[in-house]
Structure formats: structure tokens, C-alpha cells
Amino acid sequence: MDASSIWTSGQTKEGMTFDDVKDLKSDQTLWTLCSRWCSYFNVARIGVEKGWRFNIFKEKVRLIYELKGADDPKNLIVNHLCDVSVHELCPPKFVRRRD
């Protein structure tokens, strides 16, 4: 998915909540959470893309837990951009060469 389709997808769903204890226990439970997330937001990932997007997803879920989980475990929510890299959200600007 490129950056333009992220913004034009018409995403209107609220974020999906997750359980800090159950969902962060292991990579297997994180994989299950990722599958639930894909179903919730109707996202399809296949092959190699699914693997590297899972790593992004896992990193972001753990960051969300570190930032919000200690304060209020009921406030753990992932949105539709949870498996999108920073480079996809903020693509490099085109540099105009001087001739």
C-alpha cells in the first residue's frame, strides 16, 4: 500500500482495543492480535509483506503499551495505520537538482 492509498482509503472505523496481558505475552499472541487487527480493518497481507509488516505492527503495539499501558491498560488502542512504516507516512521529499 502506498502513502496515497492510506489517506484515500476512507477509513472511518475507530481504533481496535487490545489486552496488555493476553495479547503481549508472546510473538504467537501478537500474531493473533495482528490477524484480529487485519480482520477488524479489512486489511489483506500476504507472503513476505505480511512478515515485515508484522514486525512494524509488533513494534508499534509494544510502543503503545509502553506509552499508555502503565497509566490505563483499558486505553490500549491500535488504529488502521499500525503496520505502516514512518517512511510510507512521510516519504522523502524530492530534491531538485541544480544544473
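How many cavities of 30 Å³ or more does the count come to? In this predicted model, the count comes to one.

## The cavity and its lining

The volume of the largest cavity is about 30 Å³. Its lining is formed by C34, C38, R45, K50, R53, F54 and D83. Two elements, α3 (27-40) and α4 (47-69), each give two or more residues to this lining. The greatest contribution is from α4, which supplies three residues.

By residue class, the lining of the largest cavity holds three nonpolar and four charged residues, with no polar ones.

## Helix α4

Helix α4 comprises 23 residues. From its first C-alpha to its last, α4 reaches 31 Å, which is close to the 33 Å expected at 1.5 Å a residue.

The buried residues of α4 are R53, F54, I56, F57, K58, V61, I64 and G69. Among them, R53 and F54 are also named in the lining of the largest cavity. The buried residues of α4 pack against α3, β2 (77-78) and α5 (86-89).

L24 lies in the loop between α2 (20-23) and α3. Is L24 buried or exposed? L24 counts as buried because its relative accessible area is 17%, and the cut-off for burial is under 20%.

Apart from neighbours within four places in sequence, L24 is in contact with F18, D19, T29, L30, V61 and Y65.

Methods
Residues are numbered from 1 along each chain as its sequence is written. This is a predicted model: local features need pLDDT of at least 70, side-chain atom pairs count only at pLDDT 80 or more; totals for chains, interfaces and linings use all residues. Side-chain values use heavy atoms; hydrogens and water are left out. On a 1 Å grid over the protein atoms alone, a cavity is a set of points where a 1.4 Å probe fits but cannot get out, and a pocket is an open set with protein on both sides within 12 Å along at least five of seven lines; lining residues have an atom within 4 Å of a point. Grid points are joined across faces, edges and corners, and a volume is the space filled by probe spheres set on the points. Helices (H or I, at least four residues) and strands (E, at least two) are DSSP runs, numbered from the N terminus. Ala, Val, Leu, Ile, Met, Phe, Trp, Tyr, Cys and Pro count as nonpolar, Asp, Glu, Lys and Arg as charged, and the others, Gly among them, as polar. The expected span of a helix is 1.5 Å times one less than its number of residues. Buried means under 20% relative accessible area, exposed over 50%, partly exposed in between (1.4 Å probe, protein chains only). Contact means heavy atoms within 4.5 Å.
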